[in-house]
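Here is a friendly walk through one protein model, meant to be read with the structure open beside you. Please have your viewer ready to select residues as we go.

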Amino acid sequence: MNEERKNLSGKEMLDIRTDLSPESLSQAFLDNLYYAQGRIPAIATRNDLYMALAYTVRDRLLARWIAGLERHSKYEIENDIKVVCYFSAEYLPGPHLGNNLINLGILSEVRQAVEQLGYNLDEIIGQEEEPGLGNGGLGRLASCFMDSLSTIGVPAIGYGIRYEFGIFDQEIRDGWQVEITDKWLKLGNPWEMQRPDLSLEVKLGGHTEHYRDEQGRLRVRWLPAGVVKGIPYDTPIPGFLCDTCNTLRLWKAEAVESFDFEDFNVGNYYAAVEEKIKSETITKVLYPNDEPAVGKKLRLIQEYFFVSCSLQDMMRLSTMLGDPAEFFDKRFAAQLNDTHPAIAVAELMRLLVDEHDVGWESAWNITRNTFGYTNHTLLPEALEKWPVEIFGQILPRHLEIIYEINRRFLDRVREAFPGDEERVTRMSLIDESGGRYVRMAHLACLGSQAVNGVAELHSKLLTREVLKDFHEMFPDKFHNVTNGVTPRRWMVLVNPRLSTLISESIGDGWIRNLEELRRLESFSEDAGFRKEWRRVKRDNKSDLAAFIAKRTGITVSPDSLFDIQVKRLHEYKRQHLNALHIITLYARLKRKPASDCVPRTFIFGGKAAPGYAMAKLIIKLITSVAGVVNNDPDVNGRLKVVFLPDFNVKNSQYVYPAADLSEQISLAGKEASGTGNMKFSMNGALTIGTLDGANVEIREEVGDDNFFLFGLKADEVHDLKRLGYNPRAYYLTSPALKEAVDLIASGHFSGGDKGLFAPLVDSLLQRDDYLLLADYQSFINCQDRVSAAFHDEESWTRISILNVARMGKFSSDRSIREYCDKIWKVKPV
């Protein structure tokens, strides 16, 4: 190794840590392999190679990060610049290495550096574990936003939780989902930096004491039953080809005293580490099962823990900059990503009033001016509510603060709407209709200066239904900011073939300004370009086919129509409607085996919550249908069904670029936005979907003729339910639907076991909460149009090109600029 290393001067050594040439990168890689991993190339494992390369790239990140912190700190002090603080219980960044290479602009240099040493860059990138910090769209959106905040130059900190085990890894055994511990940290995480010197203490439980201070003012002292310590772990988040590199700061819970020597000495070994075990449980797992009371308590503690750490950290930063507490809202704009961090409203009030001696009215104004609240759901069951009894046990001071906020607020409601006690009851922060609960969405809405939905339809339904009363009282508070995704990861990284073709045709300015994709429209009429477009898609489909064969053992044809639905399993997302279509096509082929049929490969992916029995049964239905359809000689390979296990950011790089058809088939009025729909369209898939979430705006952008629309509209769904929906009537009047449902009920897909899918069949025929049967025939007719369109490959390719060309609106860069203008009132530095 010494022979391989160069004899370098001090100045040259600095270059080895920061220089971007292939020669310096190669040398730095060897240095890190030797000094950080303690390995020589001859005995290095693939993980050693990955860690060495990650440290090499991290050095370059740190140079940018530290320079940016110095520059921003100076600028903030001189110009009173606001820092955006993004509060999210989830982040789903995906593996960092490939994305960082793109944002630093050194992908080709690093490839050259490692290849000249005899290594394969793609294999090294593939070694990185998926960070287990999120579950689905909420966490991925937060990560896209962090990328965009850095790219457009807005100083920001992303606050969240450093989950030790994430949510879970998914395996499919005998067709059923099985949850496996996600040990994503088992080999280390080279991107994070632990900051134990910046630890903070968080109080829990106990009681409060009211007293008067020396000036005779009424004060409150919180006497907690216990205290835990929050340790920050920082990860640099670079922007694309720019100097800004922001911080993702995640908190890990530890015991204030992790080892009791006295207990240990007397032989009480468990008691010696009991506090360590209890404290560290807080950040073990994302979304602990909250069905039992102990799970509810843990989840509330988890949410409060990261919010308290984050606000205390912001207070500390404010003090470092020389700000008084009253300046807090001038320094920070904090965004609550859904209701999980809503307790921040009460915690900031506590910090200001109890810890920093700010008067109530001033503290309330500061709090409201600090926060913005993003709502991500129209489902009532997803709007968090905490039993008052549990809330008071864990956060006694916060419950008092919420009661006082509520008392003052309801007085205002009565003034604004005299005699309307029903409205007062609906708007109260405390739900007293069958038990007493703290309504966290109401707290977030009241304690924020702005509330936004995440798609135009969602924002309208939010103000008409979920938060109607609040909108009527505070109409100027409500906004829409349609979601977006970062093209750096979701095009450049996951689809290099398509990105290269686009850049060769219109230049690479689109990577930073996605609206430039509009210049592709004229290429849709170029036969040579269309041929290249098809070649790219075919190669991507071959990659996915190989991945499917490796993961599942199922062989699929890249020449078939790849029909893909990958998203969290939930009844409102209607994966089982997709299954009914597959069964209908299967039944057609059984009746007429020689009939013409466009070959299709149906690909599913997504996780069901561990306690969600119906979602798990839908997975079992899909895998059971696959077992029959894939092996039926009458089908003869013309239909294939695949459930891809453990769908995540890492393996999505095979999925999005390969899709021909994107299934966005949720019941209209249920999906807030969706971002998978955007990722598919950016990569050239055509969409079949309802007028739900961001589908509405995607259809507006790409054109009605370039989107396969079916199903009831949101107002039609509302009217049908209001008038009395009878799903069995649809079943009895549609022979094809009856045939598909009866095949499931008869045990055809369950080895003759009629009871296996009975709960699903009964649910559809008796309730059908998400109107599958009402939308079935429209869906089938639309799918027949899809098959006809796929026959004409030139026309299909034109539409695919136009879909990509018209996706400029759906960049997360645009979303962040709108947040800056509408919500945060900040400008890029």
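The notes below move from confidence to sheets, then to helix packing and a few single residues.

**Confidence and conventions**

This is a predicted model, in which local features need pLDDT of at least 70 and side-chain atom pairs count only at pLDDT 80 or more, while totals for chains, interfaces and linings use all residues. Residues are numbered from 1 along each chain as its sequence is written, and side-chain values use heavy atoms, with hydrogens and water left out.

The predictor's confidence in each residue is its pLDDT, on a scale from 0 to 100. Its mean over the chain is 94, and 95% of the residues reach 70 or more. Residues 1-13 stay under 50. For that stretch the model has 16 contacts beyond four places in sequence, a contact being heavy atoms within 4.5 Å.

Helices (H or I, at least four residues) and strands (E, at least two) are DSSP runs, numbered from the N terminus. Two strands count as paired if DSSP finds at least two bridges between them.

In what order do the six strands of the open sheet run? The order is S20-S19-S18-S21-S22-S23, with parallel pairing. S20 and strand S23 (708-709) are the edge strands, and each pairs on one side only. Inside the sheet, strand S21 (residues 661-664) pairs with strand S22 (residues 686-689) in the parallel sense over four bridges. Here Gln664 stands opposite Gly689 in S22.

Helix H23 (residues 575-591) packs on it and touches strand S18 (561-566), strand S19 (600-605), S20 and S21. The direction of H23 makes about 155 degrees with that of S19; axes are lines fitted to C-alpha atoms, for helices over the stretch in contact, and angles run from 0 to 180 degrees between N-to-C directions. H24 also packs on the sheet, touching S19 and S20, and its direction makes about 145 degrees with that of S20.

**Antiparallel pairs**

Strand S3 (residues 169-173) and strand S4 (residues 176-180) run antiparallel and are joined by five bridges. Arg173 has Trp176 in S4 as its bridge partner. S3 and S4 form a hairpin with two residues between them, and Asp174 in the turn has a positive phi of about 55 degrees.

A three-stranded open sheet has the order S13-S15-S14, with antiparallel pairing. Strand S13 (385-387) and strand S14 (430-431) are at its edges with a single partner strand each, so one side of each is left without a neighbour in the sheet. Three bridges join S13 to strand S15 (residues 437-439), and Trp386 stands opposite Val438 in S15.

Two packed helices are described by the angle between their axes and the distance between the axes. The table sets out two such pairs.

| Helix pair | Axes come within | Crossing angle |
|---|---|---|
| H24 and H31 | 10 Å | roughly 110 degrees |
| H22 (residues 527-552) and H33 (residues 793-805) | 10 Å | roughly 80 degrees |

H24 is thus roughly perpendicular to H31, where angles under 35 degrees count as roughly parallel, over 145 as roughly antiparallel, 65 to 115 as roughly perpendicular and the rest as oblique. On the H24 side the contact is made by Met614, Leu617, Ile618 and Leu621, and on the H31 side by Pro759, Leu760 and Ser763. These residues divide into six nonpolar, one polar and no charged. In this count Ala, Val, Leu, Ile, Met, Phe, Trp, Tyr, Cys and Pro are nonpolar, Asp, Glu, Lys and Arg are charged, and the others, Gly among them, are polar.

H22 and H33 are likewise roughly perpendicular to each other. Phe529, Arg530, Trp533 and Arg534 in H22 meet residues of H33 including Glu793, Glu794 and Arg798.

**Single residues worth a look**

Most residues other than glycine have a negative phi. Asn636, in the loop between helix H24 (613-629) and strand S20 (639-644), has a positive phi near 55 degrees. Leu771, in the loop between helix H31 (758-766) and helix H32 (772-791), also has a positive phi near 55 degrees.

Buried means under 20% relative accessible area, exposed over 50%, and partly exposed in between (1.4 Å probe, protein chains only).

Leu104 lies in helix H4 (residues 96-104) and is buried, with a relative accessible area of 7%. Beyond its neighbours within four places in sequence, Leu104 is in contact with Val57, Arg60, Leu61, Arg64 and Leu241.
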